[in-house]
Amino acid sequence: MNQTESPLIGFSIRMYCMVLHFYPFVFRRDYGDLMVQVFADHARVVTRQRGLKGLLTWWARTMLDTAQAVIEEHTQRGVDMSKVKFVKLSGWAFVLGSVMMFLGWWASSRPEYSPYNFLSRWYDQVANVIAEPMILVSVGLISLGMVGLIVRYGQVSSSAGRFFLYFGAISGGISFITWLSFLVGLDLTGEVGWLVFMYCLAFLFTGLALWGIECLRSRLLPRGNALPLLAGIGVSSFVFVGMVYELVTGNWWNAPEIVNVVVFTLTVVALVGLGYVLQGDVQPSEMKAQAA
Amino acid sequence: MSEGTNNPENSLPEGFLPLTPAVFNILLALADGEKHGYAIMMEVEANSLGEMKMGPGTLYGSIKRMLAAGLVEESGERPDEALDDQRRRYYRLTGIGRQVLQAEAKRLSRQVALAQVKRVLDGSI
């Protein structure tokens, strides 16, 4: 405001500063001064050109614009915060899901508890009970993590990358539902159900691994761009090798213990890393970038 | 392990399309050089023959999202204090911003060409 400003324009600017309080605080803090400057610049021009009528017309336009922009900014902020929360949650879902997958795998590898079996341990009673629910929860959480990747990186991925993410997430969902049906006693599909579960689990990790190749090429993650490929390649390869082996020999592939340990450890470590990167990569401004 | 950022330059221009009228017009206003907010607002109004009138809220709401998307960036350079207000912020197109503008302009021109083929523009339908 300069020293020779007309009182009318000075009053208008003060009024507009008050109007700005309708905007979200962060937006007002970042852009309030610039908006006042634009408002004041145009107020001076139209007042010089068309007097009071020009100023009133500018006010009418500004108020209409304010009504639209205030709704837009508050809505965007709400959507943005929900997305931020969801992505953060899905990152932790990856972390928790991978730990539970490891525990589920370990629990399912324990022998059936028997007080007469000298190989049995007291904790096998617990392991026998938790093994199947653990697998269910881990598949659900990892699928949720995949949805988080879609929300966070879907827009910046290529159409092929997006397809792999959706493919993985949907496969994970089907795998989850199939395993749930086993647990609640709705084993309606029998052997087919088992194959659906295993193949969809493999597809979940395949989708993640294929998207991981794009991460390596385009550096979609802020760091750790090899993590999706590392997280996806172990289980998918493991299941596909097992499936091929079964098709050829008719027997399920009992992989050497060391292979199991390496595959699951690699997967869990990479998933934990990926989840940690995802939960930390939720800058609201970047989320909004996808809406521009 | 490769390091990287969510670099907007890695994004595909088509991923941003279609643009909102405000975003397209702001990009268009910046096509021939950097400008401050008020200059952008006035140029958008002039370019659209007065059909697109933005207020400060729409202008800076759009600029905020475009900055976040990496379509525009703030220019560090400031004009001479005697020539302009030093508090002004100047904006300019980024590489991806220019590509997005070109992609949207091509998309719109294809739509106009289609309208011509269908004789929409000469009023004969």
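1. The largest cavity has a volume of about 40 Å³, a cavity being a set of points on a 1 Å grid over the protein atoms alone where a 1.4 Å probe fits but cannot get out, and a volume being the space filled by probe spheres set on the points, which are joined across faces, edges and corners. A search of the whole structure finds one cavity of 30 Å³ or more.

2. This is a predicted model, in which local features need pLDDT of at least 70 and side-chain atom pairs count only at pLDDT 80 or more, while totals for chains, interfaces and linings use all residues. Residues are numbered from 1 along each chain as its sequence is written, chains are lettered from A and ligands numbered from 1 in the order in which they are written, and side-chain values use heavy atoms, with hydrogens and water left out.

3. The lining of the largest cavity (residues with an atom within 4 Å of a point) includes A:L34, A:Q37, B:Y60 and B:R88. The greatest share comes from α2(A), with four residues, where helices are DSSP runs of H or I of at least four residues and strands are runs of E of at least two, numbered from the N terminus.

4. The largest pocket holds about 660 Å³ of space, a pocket being an open set with protein on both sides within 12 Å along at least five of seven lines. Of its 24 lining residues, A:W105, A:S108, A:M198, A:F238 and A:F264 are the closest to the centre. Two or more residues each come from α2 (25-108), α3 (123-153), α5 (190-218), α6 (227-249) and α7 (257-280) of chain A.

5. The largest nonpolar core has 49 residues, and B:I26, B:L27, B:I40, B:L59, B:Y60 and B:L71 have the most contacts inside it; such a core is a set of buried Ala, Val, Leu, Ile, Met, Phe, Trp, Tyr and Cys residues joined through side-chain atoms within 4.5 Å. α2(A) gives the most to this core, with 16 residues. A second, separate core of 43 residues includes A:W211, A:L220, A:L221 and A:L271.

6. Beyond its neighbours within four places in sequence, B:I40 is in contact (heavy atoms within 4.5 Å) with residues including B:I26, B:L59 and B:Y91.

7. Over all chains the structure holds zero disulfides, a disulfide being a pair of cysteine sulfur atoms within 2.5 Å. A:C200 counts as buried at 9% relative accessibility, whereas A:C17 is partly exposed at 34%; buried means under 20% relative accessible area, exposed over 50% and partly exposed in between, with a 1.4 Å probe and protein chains only.
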